[in-house]
Amino acid sequence: MTVDAPQNVGTAPAEEIEPILRVRSEPGVTKPDPILTVEGVHRTFGGLVAVDIDHLEVQRGVVTSLIGPNGAGKTTLFNLLSGFERADRGRWTFAGQLVSGMSADRLARRGMVRTFQLTKPLARLPVIENMLLGAADQSGERLWVAPVRSRWLDEERANTERAEQLLEQFNLAHMRDELAGTLSGGQCKLLEVARALMTEPKLIMLDEPMAGVNPALAQSLMQHLSQLAMSGVSVVFIEHDMNVVAGISDWVVVLAEGRVIAEGPPWNVIHNDLVIDAYLGRSAGQAESTEREEPS
Amino acid sequence: MEFDIIFGNAARAAFGPEAVILALAAIGLNVHFGYTGLLNFGQVGFMLLGAYGTSVSVATFGWSLWVGIPVGLALCVALALALGIPTLRLQAVLFAIVTIAAAEILRLIIGSTDAIDLTGGPLSISFDAGAFYDLNPYAEGPQVRYGVGTFAFTGQQMWVITVGWTLVALASLAVFLIVRSPWGRVLKSIRDDENAARSLGKNVFSYKMQALVIGGVIAGLAGVVDAIKTSGADPNGFRPQVTFFTYTALLLGGSATYVGPVIGAILFWFLREWIESFLRQLAAEAWLPQSISDPLSGSEGVISVGMVGLALILLVLFRPQGIVGNRTEMLIDDS
């Protein structure tokens, strides 16, 4: 992977994950090396409280998954943190700096990049151009440099090379010159993740990246995410498939009705009664959790 | 039926000053609509400021034409900023409404009787464009014509269209150079999905603003050519349909293509003049029954515009990419 995090290159995964393993499994717990710290973030839609988070920290360099029943506020939380929606109140810091209220594009330039649940391919641009758009700090994106091709051509070539490598990894190399609007839903998901990686993010936030991706590709996408975390990129993703969550997350945060109701390593959280309640409804959850004790 | 006259007239319109003006306006609109996806329905407002900025500078303030032209273009920059700063963050549709309203407001103010001392108000304004025509290298005279048959221009017209088509070429080249770059890629990404562009760290507002200014200044050039061509400006020349003709030309040629706006403008004037000329000939030859030719006479211009509109409808239905556009690109619907 091409990731600009030299301080972490070559670190064994075990060493990376170990600090997080010493963290207690309780909502809002502090973590040894947080890249993202969320404090009192609140958002209502009319009378509905969509997001109401007292405290949440995301550990640097690990894969954190965000789960919760439909309407739990996962996507809204993403939108708030990434600057696509305004929070009613609250503050959050990214990489040690206060970034609450900052615009989406500035946040992205600082290394916090998100993807969307409903993918946003640039339909009338070829796949490779979609990728190239992701590259950060392009001098050719400045109007006064743009007309002079020689001043950005080398950079463009280097970016193209990197884009092609990523397309290769995401099984999209054969679609390189096709318009992105012709991709299938699953391919769009992959393109969106690959495009986000072109920005060389510090934190990548993926909204249901596996939905609609065929199982084999989803498997390789999961490996990518693990590798990314190993190379020092922090990954947060929203996911519904518990197998995926259990498979690659180092840490799981459970949201219900806008609040963090549980967090911890996957094996701790997935069988947590509160979590089962949240997913299945309170009364049903209690009934089922006692009945199901043996088989699960 | 003398088709050589009809074709001559059509060709004269297709390469005359009117086509130059339409081509420049369409090149500017292509930057707005074709590449950035800005629904600018007030393109005529930029043309108006280009024309009146030049005319008023020379006629009212007595400045040199070479000062007047930059003044006209500077006013276009100012209009782009004034339109863009409050509205570019809004939805595309709201932006469209604001632009059409702004262009109309400008026309009504400039054409109002209160503005007579400054702009000539409803009476139109005229100035001495001698500074431009003094440079004319073409021989002039009442009998001097360049061309064959009805496809012929006077020396003055030749000078206007020579400079005009040179400007068209330069504007096209400038747009080509900036749009093929990573800068242009950001514009296209905003057109396709501005939130995607934002999520990848692009300052969408700033790019839209740049596009609005560039396209507006190119449309301002169209206004300058218009002012020089007629040595003045008339508020009635800047009605909203000018913007719609510009859209027609752009879609006819091919939106988001480099040569589309120019081809579209040439074709627009060719078709319009061909039909009008053809109808006049029909009437002159008395081939039509009196009951049809009587109401027809005098409204050939209106009918030809209607026919161009019909052509546009057919085009959108059967060749939505325009003459030179890419069909697959156009058929992708953005959901």
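Predicted model: local features only at pLDDT ≥ 70, side-chain atom pairs only at ≥ 80, totals over all residues.
Residues are numbered from 1 along each chain as its sequence is written, chains are lettered from A in the order in which they are written, and side-chain values use heavy atoms, without hydrogens and water.

I then looked up the geometry of this pair: α4 (residues 127–134) and α6 (residues 185–198) of chain A pack at an angle of about 35°, with their axes 6 Å apart. Axes are lines fitted to C-alpha atoms over the stretch in contact, and angles run from 0 to 180 degrees between N-to-C directions; helices are DSSP runs (H or I, at least four residues), and strands are runs of E of at least two.

Which residues of α4(A) meet α6(A)? I found V127(A), N130(A), M131(A), L132(A) and G134(A) in α4(A), facing L191(A), A194(A), R195(A) and M198(A) in α6(A), where contact means heavy atoms within 4.5 Å. By class, this contact has six nonpolar, two polar and one charged residues, with Gly counted as polar.

Next I turned to α3 of chain A, where D105(A) and R109(A) lie four residues apart, about one turn of the helix. Their side chains meet in a salt bridge (3.1 Å, N to O), that is, a side-chain nitrogen of Lys or Arg within 4 Å of a carboxyl oxygen of Asp or Glu.

How many salt bridges are there between chain A and chain B? I noted four, and one salt bridge joins the side chains of E156(A) and R185(B) at 2.7 Å, N to O. On the side of chain A that touches chain B, the elements that give two or more residues are α3 (104–109), β6 (112–114), α4 and α6, and the residues of that side divide into 17 nonpolar, six polar and 11 charged. The contact takes 34 residues from chain A and 28 residues from chain B.

Last, I recorded that the two chains bury about 2900 Å² between them, 64% of it on carbon and sulfur atoms; buried area is the accessible area (1.4 Å probe) lost on being put together, summed over both parts.
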